[in-house]
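Have the model open as you read.

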Amino acid sequence: MYRKTEDQMIMPHDFFLPFGGTLNKDNRWVKLATIIPWWKVEQMYAKRFEKRIKGRPAVSVRMALGSLIIKERLGTSDRETVEQIKENPYLQYFIGLSGFQEEAPFHHSLMTHFRKRLNRKAINQINEWIVIEQQAHEQAQDQDDDHDDAPPQEMTGDGDTDQTLSESSSNRGKLLLDATCAPADIAYPTDLSLLNDAREKLERMIDTLHAPFRGKKLKPRTYRWIARRSYLSVAKQKRPGARKVRKAIGQQLRFIARDLKHVTTLANQNGLDLLSQRQYRQLLVIQELYRQQRDMYVNRTHRTDDRIVSISQPHVRPIVRGKANTNVEFGAKVSVSLVDGYAMLEELKWDAYNEANTLQQAVEAYYERHGCYPEAILADKIYRNRENLQYCKKHNIRLSGPKLGRPPKHEPTDQKRLIKQEAAERNAIEGKFGEGKRSYGLGLIRACLQETSESVIALQFLVMNLEHRLRLLFYSFFKPFWQQLKPSYAA
């Protein structure tokens, strides 16, 4: 059950403070509350709940989304986010409370449910609403400024209408495209460490399944102490040789095979009901992990499809990036578009993919948001394949970078200058990635589930766009003062 609460927004001066005074309307959290279209978000959020179910009403969408934004913006944990909300009246106003209260508005464990309800698709939709509304506002301001500066003109009928339509359908703006990896918070995986972790979890499962037969039957032998010593004899070495590592992997595979047989035998006798939901999920992952590691061991290879690198997060995949410091990253690969400083999440996958295949999808999304195709696309050389070049030529779009094939001996100076200028402009999206990874947690995703991790990644870009919007508001507030100071500086 859900009750709508965002029909009428609380103003800062209406927020009750027990110690007197009012909230500052120029505070950043107050301004952020006015940017987000809460009523649109609530309409989308309310559809997830059935109307006829009785019981305790769900937490409002403003409290759910506001708490997630606070967490990602401050870079705190779930517990610390709730503590910050308890202590700060501006944060309580941001999540929709009508007055200051000293007790926590909700338990910190609900943050996980918030991330599940506001999934990646919902966050991307909210992000689009904010960006489109802001860009429409900026275009309206530019048109008003141009209208004030230009002399008045009379309408001449159908000719002016056709000219306006042709201008609106022409290509405008620049679209920046790039891809990056959002690493997950997992230990660096090795085959030997993964197998040792799987063996220890299987041993705990055997203990749980054998508990009803304690004193009646002998517990199956797992040789856990021998397996532990065998693992540590190689893991403690600084640089073990390839033969030693292969021998240790073979030993761990045989221990796991024995443990899996014991689990199957105990399951046939008493079922798997004694296992918790988490242990049952781990058992399924360990069976697939054992199959992959056994195939690689037998075939003497280090490659396999859908390779598991974490038992707790089996959805995480290795992403080969070819960077200088980290050749391989473990997380989700995301494709992002940047227009006028606003970043949009175009694609998110846990398996490695060719980011060049997302260009046409990003361009069509640009057309839906702005009503026209971009004038130019600034991207890496990997995007300049024949299909993308033909697509851009069809829609009169210039794709940055050198032409395919052998470079010409004498390239025009204007073309060199244009390539250099667009390469410099493309640094904006690289800076956006750096901003997200250094300031907003995009460099280490701490959520454990696949759906919550995707929600967190989408929230990172939403928060970055809100920060960009705040900077524009700050600029528009001080712009008149700067314009007044310009003549004095010129003198």
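Arg398 comes out as partly exposed, at 29% relative accessibility (buried means under 20% relative accessible area, exposed over 50%, partly exposed in between, with a 1.4 Å probe and protein chains only). Its partner in a salt bridge is Glu422, which is buried at 4%. A salt bridge here is a side-chain nitrogen of Lys or Arg within 4 Å of a carboxyl oxygen of Asp or Glu.

This is a predicted model, where local features need pLDDT of at least 70 and side-chain atom pairs count only at pLDDT 80 or more, while totals for chains, interfaces and linings use all residues. Residues are numbered from 1 along each chain as its sequence is written, and side-chain values use heavy atoms, with hydrogens and water left out.

The structure holds 27 salt bridges, including these:

| Pair | N to O distance |
|---|---|
| Arg398 and Glu422 | 2.4 Å |
| Asp207 and Lys219 | 3.1 Å |
| Arg426 and Glu430 | 3.6 Å |

Arg426 is buried at 15%, whereas Glu430 is partly exposed at 35%. Through shared partners, salt bridges join Asp178, Asp380, Arg426 and Glu430 into one network.

How do helices α9 and α10 cross, and at what angle? Their axes come within 11 Å and cross at roughly 165° (axes are lines fitted to C-alpha atoms over the stretch in contact, and angles run from 0 to 180 degrees between N-to-C directions; helices are DSSP runs of H or I, at least four residues, numbered from the N terminus). So α9 is roughly antiparallel to α10, a label for angles over 145 degrees.

Notes: Helices (H or I, at least four residues) and strands (E, at least two) are DSSP runs, numbered from the N terminus. Angles under 35 degrees count as roughly parallel, over 145 as roughly antiparallel, 65 to 115 as roughly perpendicular and the rest as oblique.
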